[in-house]
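Hello,

Here is the structure I promised to pass on. Please load it first, then read my notes below.

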Amino acid sequence: MHQYLFHIGDFPIRMYGLVLCMSIFLATGVAYFLAKQDGRWQQHILDIGIYGGFAGLVGGRLWDVFFFDWDYYQHHLLEIPFVWQGGMAIQGGVIAGVLAGIWYCKRHQIDWLALADIVCPAILIGQAIGRMANLLNGDAFGTPTGGNFGLLYPEGTLAFKTYGAVPLWPAEVWEGQLDVVIFAILLLFRATNHAKGQALCLYVMLYSGVRFGLEMLRGDYVEPFFLGLKSAQATSLFFFLIALGFFIYFGWREKHCPPEQPSIETPKQNKRKR
């Protein structure tokens with residue numbers, strides 16, 4: 001891992017920022033491919049990627065500050081923009097990015113739920129590459145393995161500052177790998193005859209399940225948040241249950257409430273007055 005790519009004078013160009021930007025660009029590119037393959041709304045993907053990417057960065061940072069680290073940042077408000085110290089919550093980033101996408105779709109009369117079903121696998125590509133940024137930056141790390149196996153982080157990283165030179169579970173690496181697995185599952189699911197909205201719900205359920213489990217190995221946030229669960233576990237459980245409910249509802253609606261067919265005008269209705 002290497003935190004710095006090079007320096008311009010005393011200003012460092014960080015690998016974290018470069019890889020994070022790459023994750024947004026590549027996720028947008030994959031979303032464009034999926035939308036073009038589907039044949040709908042591909043001309044809007046670049047704009048949605050710009051709005052969603054910017055909103056995701058802001059939302060990810062604010063989610064981390066207020067849900068995970070407010071005890072620290074309430075006394076260090078000027079450090080809130082210092083994202084290179086670590087602290088970009090994927091959950092907040094995805095929520096903010098999706099909300100920005102919904103806002104854009106509403107403005108352009110796009111069926112946002114259908115578009116979300118099409119492009120949601122692309123979000124996993126962004127998340128997987130984003131975890132590479134975490135690895136390079138030495139954040140989102142795991143707890144000590146208790147043995148001679150695991151990741152050793154160099155001095156200057158948050159992981160080293162927290163635990164020192166001891167092997168840690170590769171929590172961020174495993175999450176990035178499982179994101180790719182979920183990406184493949186979503187592509188397979190989109191090939192089935194599913195109801196509108198179910199692909200998006202499946203994405204939320206699968207990622208929430210992965211995040212809930214991997215939080216048991218995470219070492220950057222260890223304090224319980226609710227009923228003995230960490231904050232990310234509590235929110236993952238909440239989102240899983242909400243997504244499961246909507247997944248069942250969308251399936252029921254597809255079966256029992258078919259979409260209305262457009263009315264066909266009769267010759268009498270088309271007849272002009274003379």
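A residue counts as buried under 20% relative accessible area, as exposed over 50%, and as partly exposed in between. Asp220 has 21% relative accessibility, so Asp220 is partly exposed. Arg218 sits at 5%, so Arg218 is buried. Bear in mind that this is a predicted model.

**Salt bridges**

The count comes to seven salt bridges. Asp220 and Arg218 form one of them, with their closest N and O atoms 2.8 Å apart. Arg218 also pairs with Glu215, at 3.5 Å between the closest N and O atoms. Glu215 is buried, as is Arg218. These contacts belong to a network that links Arg211, Glu215, Arg218 and Asp220.

Another salt bridge joins the side chains of Lys196 and Asp111, at 2.8 Å from N to O. This pair links distant parts of the chain, 85 residues apart. Lys196 is in the loop between α7 (171-190) and α8, and Asp111 is in the loop between α4 and α5. Lys196 is partly exposed, because its relative accessibility is 34%. Asp111 is partly exposed too, at 29%.

**Pockets**

The largest pocket has a volume of about 970 Å³. It is lined by 40 residues. Asp220 comes up again here: Asp64, Asp69, Leu158, Asp220 and Tyr221 lie nearest the centre. The elements giving two or more residues to this lining are α2 (45-68), α3 (70-73), α5 and α6 (158-163). By class, the lining has 18 nonpolar, 11 polar and 11 charged residues.

The second largest pocket has a volume of about 570 Å³. Its lining has 22 residues, with Ile95, Val98, Leu200, Val204 and Phe239 nearest the centre. At least two lining residues come from each of α4 (90-107), α5, α8 (198-214) and α9 (231-256). What classes make up this lining? There are 18 nonpolar residues, four polar and no charged.

**Helix α5**

Helix α5 spans residues 112-137 and has a kink of about 45° at Ile118. The kink lies shortly before the proline Pro121. Of the 26 residues in α5, 22 are buried. Gly138 follows the helix, with a positive phi near 75°.

**The hairpin**

Strands β1 (residues 4-8) and β2 (residues 11-14) pair in the antiparallel sense, over four bridges. They form a hairpin with two residues between them. In the turn, Gly9 has a positive phi of about 65°. His7 stands opposite Pro12 in β2.

Best wishes

Technical notes:
Residues are numbered from 1 along each chain as its sequence is written. This is a predicted model: local features need pLDDT of at least 70, side-chain atom pairs count only at pLDDT 80 or more; totals for chains, interfaces and linings use all residues. Side-chain values use heavy atoms; hydrogens and water are left out. Two strands pair if DSSP finds at least two bridges between them. The bend at a residue is the angle between axes fitted to the seven residues ending there and the seven starting there. Buried means under 20% relative accessible area, exposed over 50%, partly exposed in between (1.4 Å probe, protein chains only). On a 1 Å grid over the protein atoms alone, a cavity is a set of points where a 1.4 Å probe fits but cannot get out, and a pocket is an open set with protein on both sides within 12 Å along at least five of seven lines; lining residues have an atom within 4 Å of a point. Grid points are joined across faces, edges and corners, and a volume is the space filled by probe spheres set on the points. Ala, Val, Leu, Ile, Met, Phe, Trp, Tyr, Cys and Pro count as nonpolar, Asp, Glu, Lys and Arg as charged, and the others, Gly among them, as polar. A salt bridge is a side-chain nitrogen of Lys or Arg within 4 Å of a carboxyl oxygen of Asp or Glu.
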